[in-house]
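Please read it alongside the sequence and the model.

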Amino acid sequence: MSLDYPIALCTATAVAATPLVFAGLGELVAERAGVLNLGVEGMMLGGALAAFAAAVASNSLLVAFLAAAAAGLVLALVFAFLSLRLGTNQVATGLALTLFGSGLSACLGRGYAALPGKALPALHLPLLSDLPILGPLLFRFDAAVYCAVLLVAAVSWLLFRTQLGLMLRAVGESPHVADELGHPVDALRWGAVAFGGTMAGIGGAYLSTAVTPMWVEGISAGRGWIALALVVFAIWRPWRVLFGAWLFGGMTVLQLHAQALGLAVPGEFLSMLPYLATILVLVLICRDPHLLRLNQPAALGRAFRRERWGS
Amino acid sequence: MFELPLRIVRNPAPSVAARGAAPLLAGVALLLTLAAGFATFGQAPLRSLSAIFLEPLSTIFGLGEWLLKATPLMFCALGLALGFRANVWNIGAEGQLTMGAIAGGGVALYIAPALGIFGMPAMLLAGMAGGACWAALPALLRTRFHTSEILTSLMLVYVAQLLLAWLMHGQWQDPQGFNFPQSRAFDDALILPLIAAGQRATIALYGALAFAIAAWVFIRRTHRGYAMLVCGLSPAAARYAGLSEERSVWWGMLISGAAAGLAGITEVAGPIGRLQTSISPGYGFAAIIVAFVGRLHPVGVVLASLLMSLLYLGGESAQVELGLPAAVTSVLQGLLLFYLLAADHFMGLRLARRSVAARAT
């Protein structure tokens, strides 16, 4: 039996998982700082369009990813200004960001719908890519797939092995105590939200340059929301985001290949799988209240305002 | 250094007027943004604004469209506002609306014709039940498994829309429909009567207004309404008083789900007249904004629905007049909510005299 087909399934899974890894990791950092940004879907769509448009204009994928990162960042800064500077309700502000981002990308992207996209090329690593089985399985991805895995390691190291990470987590657990200790609560939260937006933008870029190298309205199809669920599934730990993203990536791939495998299930029901799976994993994680209480940042979603003495 | 004797402080309890002024401020900011947008693209701002917002209202038909689009927004947003007051974040009204249309539409297609005059009530009840059942899932998951209703209710939107698409491409498709993804038209007896000739708004509008009154009574005059308010304002106080959070979740989800379901069935048994794959231009999501703009108060929500309906009309006429894409409506919706949240912040501030002690430091 040929191994080509299972290998193709595995590699397609890793590709489908990569945008979720970026977006989920970004949101994880923001939530670790105590900020719940429900605008991931909007920021991903902004990034996806920015990347596609920049690739068309400049013919450079590096420019495309930079443009996507910038788009995600700008949208995240709008959120940060409202929710952190003005102290607005984070749930409502995030929802507004998603509506705004998806509307704006649909408006501005109208002229790009019929254009051919530029696809991220696979890397060819000398020797490694030519290995039997392991070569096609591990060493023929595009650069972003490897970057995503490295990023998980980097974020994990940053959060749990550095002073900056400790401060960030303190801000997410108890901003007032962190403030009393002299940590820059607002700066850390702004930074975390900005990082989240940048990563969501890059995740979006990967959608429109690698997963499906084209632009269609609503290209993310709820992946931003799945990334949010992924953070809960991962109980706010970076490596579990990677694992969860593969799980969901596998789900999308199975859905695409089910018909090829001869499953007589209507396409609509297969398309429901990622959404139903999201609900299922949320239930599996959340049904243990202790697990949730121990791992969820205690100040998640709460605005921080310093109480001034003498006023 | 010279210091002003006045300073800006946070007002812990903004007045009713301040809270009411914030949506107006947000509306003005939105209009200014639009005017600036038109000016940058070389259009006369005032003329363009009146072309997209005022001219649609200059005919009986246009006024009817305004009320027609406000109706599902009212249903959805009144229900959502009840939940939001109790910290129940149902953001899947779009899915509940779809399920209401599916359940009610199924009854309309296959059961109601045999029921005679009970056909229409059965159809409407089925719509409400469909929406309520779809909202019961996130309620069950939150009360039983502590799962965030934000994510689960949203995921169910996609599931409901896919279910509708499956029905429209298969089981319920009109055999004489030239393969369009739609059902056959409902019987004439099941189509809601119009409120006046020459336009398309149906008596569902009266239903929505009655629901607004009922919602007001629920909030102001019932124990459950009060308990939900306490649960929202202070979960700890509610727990101390023995008020059940679980019940608030169930009530909040079921009422908003049933209302969204009613919005769905009154749309398909009204202006649409049949089931089809796209039945709502995002009313369920826009209703979230309507609820906030309406200050989570029934009267405010009714007014905010009329405002949001105008944005939909404006978006449509902008498509025709200025060639803008349909998604311009959701840009405006997002902007409106941004402005409202910011306006709330600024209306929550006040000027205060600087105390001598504070000036000394």
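Arg237(A) has 19 other C-beta atoms within 10 Å, so it is partly exposed; a residue is buried if 20 or more other C-beta atoms lie within 10 Å of its own, exposed if 12 or fewer, and partly exposed in between, with C-beta atoms placed from the backbone. This is a predicted model, in which local features need pLDDT of at least 70 and side-chain atom pairs count only at pLDDT 80 or more, while totals for chains, interfaces and linings use all residues. Residues are numbered from 1 along each chain as its sequence is written, and chains are lettered from A and ligands numbered from 1 in the order in which they are written.

Arg237(A) sits in the loop between H10 and helix H11 (238-257) of chain A; helices (H or I, at least four residues) are DSSP runs, numbered from the N terminus.

Leu49(B) belongs to helix H2 (residues 45-54) of chain B. Leu49(B) is also partly exposed, with 16 C-beta neighbours inside 10 Å. Apart from neighbours within four places in sequence, Leu49(B) is in contact (C-beta atoms, placed from the backbone, within 7 Å) with Leu31(B), Leu34(B) and Ala35(B). Leu32(B), 17 residues away along the chain, has its C-alpha 10.0 Å from that of Leu49(B).

## Helices of chain B

The expected span of a helix is 1.5 Å times one less than its number of residues. The table sets it beside the span from first to last C-alpha.

| Helix | Residues | Span | Expected span |
|---|---|---|---|
| H3(B) | 60-85 (26 residues) | 36 Å | 38 Å |
| H12(B) | 298-322 (25 residues) | 35 Å | 36 Å |

Of the 26 residues of H3(B), 21 are buried, so H3(B) is largely enclosed by the rest of the structure. H12(B) is followed by Gly323(B), which has a positive phi near 70 degrees.

## Helix pairs

The axes of H1 (residues 4-32) and H10 (residues 223-233) of chain A come within 8 Å and cross at roughly 55 degrees; axes are lines fitted to C-alpha atoms, for helices over the stretch in contact, and angles run from 0 to 180 degrees between N-to-C directions. H1(A) is therefore oblique to H10(A); angles under 35 degrees count as roughly parallel, over 145 as roughly antiparallel, 65 to 115 as roughly perpendicular and the rest as oblique. By class, the contact of H1(A) with H10(A) has nine nonpolar, two polar and three charged residues; Ala, Val, Leu, Ile, Met, Phe, Trp, Tyr, Cys and Pro count as nonpolar, Asp, Glu, Lys and Arg as charged, and the others, Gly among them, as polar.

In chain B, the axes of H11(B) and H12(B) come within 8 Å and cross at roughly 130 degrees. These two helices, H11(B) and H12(B), are therefore oblique to each other. Their contact joins Ala286(B), Ile289(B), Val290(B), Ala291(B) and Val293(B) of H11(B) to Val301(B), Ala304(B), Ser305(B), Leu307(B) and Met308(B) of H12(B). Nine of these residues are nonpolar, one is polar and none is charged.

## Contact between the chains

Chain B gives 36 residues to the contact and chain A gives 39 residues. On the side of chain B that touches chain A, H13(B) gives the most, with 12 residues. That side of chain B has 26 nonpolar, nine polar and one charged residues.

Note on methods:
Two residues are in contact if their C-beta atoms, placed from the backbone, lie within 7 Å.
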